[in-house]
Amino acid sequence: MALRLLFPLIGIALLVVLVIAVTRLATSRGLRADAAGADLAAVEQWTTLWRWLGILAGFTLAIGALSAQDAGLGRLAMSAPAIGGCAVLLAIMLGELTIRPATTQRRTASLTTRTIADLLPRVRTWVASVGIALLGALLTVGVLTASPDDMGRAGRAITASCYVDLPGGESTLQTNTNGPYPGSFYAIPAALVMAITVCCAVVAARAIRDRANPDAGHTAYDTGLRRDAMSRVVSAVGATAYGTAAPISFVMAVALSSNDCIRGGDTFTGMLVVAGLGSVVVAAVLLANVLLPRKADKASSGTPASTQAAR
């Protein structure tokens, strides 16, 4: 029921992103045509095509996983954001690895030395790193504190015991078990999918750094394409991490608040709810960066045409 209530908000957010995307495309079309050569324009079109294929595949897989609430006792639903993000990163990686060679007979080259660190967006990289650390901390806590459920399935519930006062001044030991809880039953699949996502991001980052510049006469535009691609890779990783951390935080908070024997449960529940809400906001912002087209470069080139080296 709670997931269904989120669908209208998600729909409104996607509509806003779509309107901004169409507006940005319409206003920057002329600038792009002047700023990039034919080969660089082909690179941009190819990588954009693969990125959107990944977005469509990721969205479809995530919705399918969320709809399969009963599959694996909610394992797919809990890992839905990670599954969607993994599909996006896999498509971006394939797009970067399969860029077509330049079609012009006169080919140019640049002697510029590039590193991944030079292309990474500093602030966004830190934000994504915090998201990965948050997800790792939640999964670790879940694995360490989980217990078997009432059917004996390990890592699917949380159990705590406490003494309860009875009428007449006596007390009795009470044991409460609540679930679902993100122990190993849910954490291991989510962690594996997230690890694959990070691996795809690393391969994509290396491909972005190492791909050839087909037009040394437009080095500024080429550098802009690389930085934009790296920014989208980092944003996709961050959105996947925060998007996975959000439902895990909420599920953990519900389980803790339902167990009366956990000391400080209300405090932990509040912290988890704040972490979950913050994760939703950050994931939405990072996802917008993956979806929106980049702003066009007004500089037409970084190297005068007369200095091109033909080969």
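Select I116. This residue is partly exposed, with a relative accessible area of 23%. The model you are looking at is predicted.

**Stop 1: around I116**

Stay on I116 and colour by secondary structure. I116 sits in helix α5, which covers residues 116–119. Now show what touches I116. Setting aside neighbours within four places in sequence, the contacts of I116 are A205, R206, R209 and M230. Pick R206 from that group. R206 and I116 lie 90 residues apart along the chain, yet their C-alpha atoms are separated by 7.1 Å.

**Stop 2: the whole chain**

Zoom out. How many helices and strands are in the chain? There are 9 helices and 2 strands. Trace them from the N terminus: the order is α-α-α-α-α-α-β-β-α-α-α. Of the contacts in the chain with a separation of 6 or more, 80% join residues 24 or more positions apart.

The chain exposes about 16,600 Å². Carbon and sulfur atoms supply 67% of that area. Of the 311 residues in the chain, 40% are buried.

**Stop 3: helices α6 and α7**

Select residues 122–145, helix α6, and residues 184–210, helix α7. Their axes come within 9 Å and cross at roughly 155°. An angle over 145 degrees counts as roughly antiparallel, so α6 and α7 are roughly antiparallel to each other. The crossing of α6 and α7 is left-handed.

Next, show side chains where the two helices meet. Which residues of α6 meet α7? Look for I132, L135, L139 and V143. On the α7 side, find S184, A187, A191, M194 and V198.

**Stop 4: two cysteines**

Select C86 and C200. How far is the sulfur of C86 from the closest cysteine sulfur? The distance is 5.0 Å, and that closest sulfur is in C200. A disulfide needs the two sulfur atoms within 2.5 Å, so this pair is too far apart for a bond. A search of the whole structure finds 0 disulfides.

Are these cysteines buried or exposed? Buried means under 20% relative accessible area. C86 has 13% relative accessibility, so C86 counts as buried. C200, at 8%, counts as buried too.

Conventions
Residues are numbered from 1 along each chain as its sequence is written. This is a predicted model: local features need pLDDT of at least 70, side-chain atom pairs count only at pLDDT 80 or more; totals for chains, interfaces and linings use all residues. Side-chain values use heavy atoms; hydrogens and water are left out. Buried means under 20% relative accessible area, exposed over 50%, partly exposed in between (1.4 Å probe, protein chains only). Helices (H or I, at least four residues) and strands (E, at least two) are DSSP runs, numbered from the N terminus. Contact means heavy atoms within 4.5 Å. Accessible areas come from the Shrake-Rupley method with a 1.4 Å probe; for residues, only the protein chains shown count as cover. Axes are lines fitted to C-alpha atoms, for helices over the stretch in contact, and angles run from 0 to 180 degrees between N-to-C directions. Angles under 35 degrees count as roughly parallel, over 145 as roughly antiparallel, 65 to 115 as roughly perpendicular and the rest as oblique. A crossing is left-handed if the near helix is turned anticlockwise from the far one by less than a right angle, and right-handed if clockwise.
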